[in-house]
Amino acid sequence: MLEQQLLVVLVPAELKDDVIDMLIACDDISGFNMATTAGFSKEHSQYNLREQVEGFREMFQFEVLHMAPQEQNLLDPLRQVCTAIQVRYWIAPLCRAGHL
């Protein structure tokens, strides 16, 4: 059985539209989720003045359910979209997924 995985990517607002376009164009996935989240970090060098005062940066969290062999087909175009700004991501295996 092929292993299902969950790719989670945190991107700043300036990359949101590019990541959406990339994921919509990806034939290997059936869809994705996006949510607004607050990113906290001890490194504030990329924060603007408002973010420095508030202590966090508004980020967008994308979640993409995919099969393990599709991993590079997702990561490679994401790297191309995120060349100017480093983004954090992680991939976690799923025990179970489905529809209720």
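**Figure 1. Gln80 in helix H3.** Gln80 is a residue of helix H3, where helices (H or I, at least four residues) and strands (E, at least two) are DSSP runs numbered from the N terminus. The model is predicted: local features need pLDDT of at least 70, side-chain atom pairs count only at pLDDT 80 or more, and totals for chains, interfaces and linings use all residues. Residues are numbered from 1 along each chain as its sequence is written, and side-chain values use heavy atoms, with hydrogens and water left out. Gln80 counts as exposed, at 63% relative accessibility; buried means under 20% relative accessible area, exposed over 50%, and partly exposed in between (1.4 Å probe, protein chains only). Gln80 and Met22 are 58 residues apart along the chain, and their C-alpha atoms are separated by 9.6 Å.

**Figure 2. The protein chain and its elements.** The secondary structure comes to 3 helices and 4 strands. From the N terminus on, these elements run β-α-β-α-β-α-β. The protein chain has 100 residues, of which 29% count as buried. Contact means heavy atoms within 4.5 Å. Among contacts between residues at least 6 apart in sequence, 76% join residues at least 24 apart.

**Figure 3. The sheet of the protein chain.** The 4 strands form an open sheet in the order E2-E3-E1-E4, with antiparallel pairing; two strands pair if DSSP finds at least two bridges between them. E2 and strand E4 (88-93) stand at the edges with a single partner strand each, so one side of each is left without a neighbour in the sheet. From one strand to the next, the twist averages 25°. Axes are lines fitted to C-alpha atoms, for helices over the stretch in contact, and angles run from 0 to 180 degrees between N-to-C directions.

Figure 4. Strand E1 (residues 4-12) and strand E3 (residues 57-67) run antiparallel and are joined by 9 bridges. Within this pair, Val9 has Phe62 of E3 as its bridge partner. Strand E2 (residues 33-39) also runs antiparallel to E3, with 7 bridges between them. Here the bridge partner of Ala38 is Glu58 in E3. E1 and E4 pair in the antiparallel sense over 6 bridges. Val8 has its bridge partner, Trp90, in E4.

**Figure 5. Helices H1 and H3 on the sheet.** Helix H1 (residues 13-25) packs on the sheet and touches E1, E2 and E3, its direction making about 15° with that of E3. Helix H3 (residues 71-81) also packs on the sheet, touching E1, E3 and E4, and its direction makes about 10° with that of E1. In H1, the residues Leu15, Val19, Ile20, Met22 and Leu23 are buried; their cover includes E1, E2, E3 and H3. In H3, the buried residues are Leu74, Leu75 and Leu78. Seen down the axis of H3, these residues fall within an arc of 90°, so they line one face of the helix; the arc is that of the directions from the helix axis to the C-beta atoms. The cover of the buried residues of H3 includes E1, H1, E3 and E4.

Figure 6. The structure holds 1 aromatic pair. Phe32 and Phe62 form this pair, which is tilted, at 6.0 Å centre to centre with 50° between the planes. Phe32 lies in the loop between H1 and E2 and Phe62 in strand E3, so the pair ties together parts that are 30 residues apart in sequence. Rings of Phe, Tyr and Trp (its six-membered ring) pair if their centres lie within 6.5 Å; planes under 30 degrees apart count as stacked, over 60 as edge-to-face and the rest as tilted. Phe32 is partly exposed, with a relative accessible area of 25%, whereas Phe62 is buried, at 1%. Lys16 lies over the face of Phe60, at 5.0 Å from the ring centre; a charge sits over a ring if NZ of Lys or CZ of Arg is within 6 Å of the ring centre and within 35 degrees of the ring normal.

Figure 7. Leu10 has its place in strand E1 and is buried, with a relative accessible area of 18%. Not counting residues up to four places away in sequence, Leu10 touches Thr37, Met59, Phe60, Gln61, Val87, Arg88 and Trp90. Leu10 and Met34 are 24 residues apart in sequence and 9.6 Å apart in space, C-alpha to C-alpha.
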